[in-house]
Amino acid sequence: MSRSVLVTGGNRGIGLAIARAFADAGDKVAFTYRSGEPPTELLDLGCLAVKCDITDPEQVEQAYKEIEEKQGAVEVLVANAGVTRDQLLLRMSEEDFTSVVETNLTGTFRVVKRASKGMLRARKGRVVLISSVVGLMGSAGQANYAASKAGLVGFARSLSRELGSRNITVNVVAPGFVDTDMTRVLSDEQRAGIVANVPLGRYAQPEEIAASVRFLASEDAAYITGAVVPVDGGLGMGH
Ligand SMILES: NC(=O)c1ccc[n+]([C@@H]2O[C@H](COP(=O)([O-])OP(=O)(O)OC[C@H]3O[C@@H](n4cnc5c(N)ncnc54)[C@H](OP(=O)(O)O)[C@@H]3O)[C@@H](O)[C@H]2O)c1
């Protein structure tokens with residue numbers, strides 16, 4: 001079975017691992033990138049690189065048109081693109097807050113809404129949103145990021161009710177701390193502090209997030225929707 005898959009923010013980090021996992025399994029994979037050159041690793045696997053900033057509605061529309069033309073309507077959407085802009089509340093500007101929400105929550109709304117058109121027509125589809133353990137537990141200095149990631153949970157659960165009768169599942173993966181550019185900016189001391197609270201005592205590798213995403217998009221997960229799947233080494237237990 002070769003499906004048409006789209007992974008936003010697939011040019012690096014977790015998104016790249018997700019795109020690679022679907023391509024390795026034989027799916028047709030498109031991934032978005034914003035600037036520079038897309039990774040040759042994915043191009044060599046036959047993936048379709050689509051330039052797209054998810055904060056721009058026109059670029060999103062263009063990206064979908066290109067994907068539909070080249071590999072068919074999106075059957076599996078992984079909304080992975082996300083940013084952080086950490087700051088304590090009193091120092092957090094309007095721009096710090098709205099730009100993170102605009103990318104992580106509104107950008108996700110935008111790509112999911114567009115994908116849902118084809119899925120509704122096909123009467124099947126899989127949507128996986130990449131949230132974060134921080135959206136469930138909260139994190140000092142990340143009120144903007146946590147709010148956007150918590151918002152994804154309400155968004156997914158609403159859509160799972162709205163789209164379930166059309167055989168479209170909508171699930172959330174909530175990673176803990178993953179070894180990518182996003183967490184490489186943390187100091188050794190901050191990293192040690194985080195790991196001390198993770199029952200499994202280490203960061204995740206991006207491939208470990210990709211494995212859960214692939215499962216939620218697989219036939220084996222046909223009866224799972226509206227779920228929030230933690231892939232966090234036990235960090236968020238109980239949240
Ligand atoms: N790393 C972690 O510990 C962790 C934990 C929990 C959740 N997450 C979530 O997992 C997802 C991937 O994170 P990561 O660690 O792989 O981060 P990353 O290495 O910083 O990569 C972020 C990806 O998102 C893309 N992106 C950002 N803004 C975008 C926009 N406006 N339009 C299109 N693409 C955009 C980036 O594209 P460019 O290359 O063009 O910037 C990049 O591909 C994010 O949603 C993040 O919040 C990460």
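## Basis of the description

This is a predicted model, in which local features need pLDDT of at least 70 and side-chain atom pairs count only at pLDDT 80 or more, while totals for chains, interfaces and linings use all residues. Residues are numbered from 1 along each chain as its sequence is written, and side-chain values use heavy atoms, with hydrogens and water left out.

## The sheet

Seven strands make up an open sheet, and in the order E3-E2-E1-E4-E5-E6-E7 they pair in parallel. Strands and helices are DSSP runs numbered from the N terminus, a helix being H or I with at least four residues and a strand being E with at least two, and two strands pair if DSSP finds at least two bridges between them. Strand E3 (48-51) and strand E7 (228-231) are the edges of the sheet, and because each has a single partner strand, one side of each is left without a neighbour in the sheet. On average, neighbouring strands of this sheet are turned by 20 degrees against each other, direction ignored; for such angles, axes are lines fitted to C-alpha atoms, for helices over the stretch in contact, and the angles run from 0 to 180 degrees between N-to-C directions.

## Strand E5 and its partners

Strand E5 (residues 125-130) runs parallel to strand E4 (residues 76-79), to which four bridges join it. Leu77 has Val127 as its bridge partner in E5, and Ala79 has Leu129 as its partner there. Six bridges link E5 to E6, again with the strands running parallel, and Ile130 stands opposite Val173 in E6. E4, helix H4 (residues 94-122) and E5 together make a right-handed β-α-β unit, a crossover being right-handed if, with the strands pointing away from the viewer, the path from the first strand over the helix to the second runs clockwise.

Six of the six residues of E5 are buried, so the strand is largely enclosed by the rest of the structure. Here buried means under 20% relative accessible area, exposed means over 50%, and partly exposed lies in between (1.4 Å probe, protein chains only). In a regular strand the side chains alternate between the two faces of the sheet. In E5 both faces are covered, with Gly125, Val127 and Leu129 buried on one side and Arg126, Val128 and Ile130 buried on the other.

## Helices across the sheet

Helix H3 (residues 57-71) lies across strand E1 (4-7), strand E2 (28-33), E3 and E4, and runs at about 160 degrees to E3. Helix H9 (residues 206-216) lies across E4, E5, strand E6 (168-175) and E7, and runs at about 165 degrees to E6.

## Residues in the loops

Arg123 is in the loop between H4 and E5, and although it is not a glycine, Arg123 has a positive phi of about 55 degrees. Asn167, in the loop between helix H6 (143-163) and E6, also has a positive phi, of about 65 degrees, without being a glycine; at 46% relative accessibility Asn167 counts as partly exposed.

Ala222 is placed in the loop between H9 and E7 and counts as partly exposed, at 38% relative accessibility. The C-alpha atoms of Ala222 and Asn167 are separated by 8.6 Å, although the two are 55 residues apart along the chain. Apart from neighbours within four places in sequence, Ala222 is in contact (heavy atoms within 4.5 Å) with Arg126 and Thr169.

## Cysteines

A search of the whole structure finds zero disulfides, a disulfide being a pair of cysteine sulfur atoms within 2.5 Å. The closest cysteine sulfur to that of Cys47 is in Cys52, and because it is 16 Å away, it is too far for a bond. Cys47 counts as buried at 7% relative accessibility, and Cys52 is buried with a relative accessible area of 5%.

## Entries from UniProt

For "domain: Ketoreductase", an unreviewed UniProt entry lists residues 3-181; UniProt positions are given in the numbering used here, feature names are shortened, and annotations may be inferred rather than shown by experiment. Over residues 3-181 the chain is 49% helix and 18% strand, with the end C-alpha atoms 29 Å apart.

The unreviewed entry in UniProt also places the feature "active site" at Tyr145, a residue that lies in helix H6. Tyr145 is buried, with a relative accessible area of 7%, and, not counting residues up to four places away in sequence, Tyr145 touches Val83, Thr84, Val100, Asn104, Ser132, Val134 and Met182.
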